[in-house]
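Student: I would like to learn how to read a helical model. Please take me through this one.

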Amino acid sequence: MATSLKIDDALKGRVQHLASLRRRSPHWIMLEAIQQYVEREEARESLKQEALASWVAYQETGRHLTGLEVRTWLNTWGSDDEKALPKCHK
């Protein structure tokens with residue numbers, strides 16, 4: 001799909017310079033930048049939606065883990081004594 005994009009001369013020059021340094025086309029540089037931006041923003045939105053869903057679940061049930069419980073559990077990761085996820089409580 002062809003799409004036009006208007007950018008100012010300064011940014012165009014920067015893209016062209018970077019493309020030259022990377023031995024890539026300006027098109028490749030811009031496409032890569034857009035792809036990385038979209039992936040990052042999709043991940044950010046996914047995290048936001050997951051956090052909102054967790055907040056709703058907490059409000060409905062009151063079930064939770066404390067920060068200390070989570071940190072203690074995470075500190076066992078990669079050790080010989082790795083623990084299972086603690087049970088949520090009210």
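**Reading the helices**

Tutor: Start with a cap. D8 caps the N-terminal end of helix 1, with a side-chain oxygen 3.2 Å from the backbone nitrogen of A10. A polar contact is a pair of N or O atoms within 3.5 Å; within protein, one must be able to donate a hydrogen and the other to accept it, and residues adjacent in sequence count only if both atoms are side-chain atoms. This is a predicted model: local features need pLDDT of at least 70, side-chain atom pairs count only at pLDDT 80 or more, and totals for chains, interfaces and linings use all residues. Residues are numbered from 1 along each chain as its sequence is written, and side-chain values use heavy atoms, leaving out hydrogens and water.

Student: How many helices and strands does the protein chain have?

Tutor: Helices (H or I, at least four residues) and strands (E, at least two) are DSSP runs, numbered from the N terminus. Here there are three helices and zero strands.

Student: What follows helix 2?

Tutor: G62 does, with a positive phi near 75°.

Student: How do I describe two packed helices?

Tutor: Use the angle between their axes and the distance between the axes. Axes are lines fitted to C-alpha atoms, for helices over the stretch in contact, and angles run from 0 to 180 degrees between N-to-C directions. Helix 1 and helix 2 (residues 26–61) pack at about 105°, axes 8 Å apart. Helix 1 is therefore roughly perpendicular to helix 2 (65 to 115 degrees; under 35 is roughly parallel, over 145 roughly antiparallel, the rest oblique).
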